[in-house]
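Here is a short report on one protein chain.

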Amino acid sequence: MLGQIGTAEGAAAAEAIAATPGIDGVFVGPSDLAASMGVLGQQTHPDVIAAVHRAFDGVAATGKPVGVNAFDPQAAHAYAEAGARFLLVGADVALVARASY
């Protein structure tokens, strides 16, 4: 089972979340993080990126895999280099929105 982190409080508690019995890995959602941090829609805001990295570090301390949502190619590459073991780089909502132009 994957846990999900989508708040700054969750990012700070990532190690405890990942260490929860039954949790096999953790998915970090920068969009939800941005909203919880008051920077709605700014998934690449420096504070959001820092929170994602805090979550990565906490999950890594447990030896479990961590993944992230990264629609921006540069962000995806940076998160992969920072330790993301799986990446979501598209979503149905974004694909439909792009096709509707």
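## Strands and crossover

Strand 3 and strand 4 (residues 86-88) pair in the parallel sense, over 3 bridges. Two strands count as paired if DSSP finds at least two bridges between them. Helices (H or I, at least four residues) and strands (E, at least two) are DSSP runs, numbered from the N terminus. Asn 69 stands opposite Leu 88 in strand 4. From strand 3 the chain passes through helix 5 to strand 4, a right-handed β-α-β crossover. Right-handed means that, with the strands pointing away from the viewer, the path from the first strand over the helix to the second runs clockwise.

This is a predicted model: local features need pLDDT of at least 70, side-chain atom pairs count only at pLDDT 80 or more, and totals for chains, interfaces and linings use all residues. Residues are numbered from 1 along each chain as its sequence is written, and side-chain values use heavy atoms, with hydrogens and water left out.

| Strands joined | Bridges | One partner pair |
|---|---|---|
| Strand 1 and strand 2 | 4 bridges, parallel | Gly 3 and Val 26 |
| Strand 2 (residues 25-28) and strand 3 | 3 bridges, parallel | Val 28 and Val 68 |

Which residues cover the two sides of strand 3 (residues 66-69)? Val 66 and Val 68 lie on one side, Gly 67 and Asn 69 on the other, and all are buried. Buried means under 20% relative accessible area, exposed over 50%, and partly exposed in between (1.4 Å probe, protein chains only). Strand 1 has a covered face, Gly 3 and Ile 5, and an uncovered one, Leu 2 and Gln 4.

## The core

The largest nonpolar core holds 23 residues. Such a core is a set of buried Ala, Val, Leu, Ile, Met, Phe, Trp, Tyr and Cys residues joined through side-chain atoms within 4.5 Å. Val 28, Leu 33, Val 52, Phe 56, Val 68 and Tyr 79 touch the most other members. Helix 4 gives the most to this core, with 6 residues.

Leu 33 has partners well beyond its sequence neighbours. Leaving aside those within four places, Leu 33 is in contact (heavy atoms within 4.5 Å) with residues including Gly 6, Val 28, Val 48 and Val 52.

There is 1 aromatic pair. Rings of Phe, Tyr and Trp (its six-membered ring) pair if their centres lie within 6.5 Å; planes under 30 degrees apart count as stacked, over 60 as edge-to-face and the rest as tilted. Phe 56 sits in helix 4 (residues 46-60) and Tyr 79 in helix 5 (residues 73-81), 23 residues apart. Phe 56 is buried at 3% relative accessibility, and Tyr 79 is buried at 4%.

## Two loop residues

Gly 6 is in the loop between strand 1 (2-5) and helix 1 (8-12). At 17% relative accessibility, Gly 6 counts as buried. Beyond four places in sequence, Gly 6 is in contact with Gly 29, Asp 32, Leu 33 and Ser 36.

Asp 72 is in the loop between strand 3 and helix 5. Its relative accessible area is 32%, so Asp 72 is partly exposed. The side chain of Asp 72 reaches the backbone nitrogen of Ala 75 at 2.8 Å.

Note on methods
A polar contact is a pair of N or O atoms within 3.5 Å; within protein, one must be able to donate a hydrogen and the other to accept it, and residues adjacent in sequence count only if both atoms are side-chain atoms.
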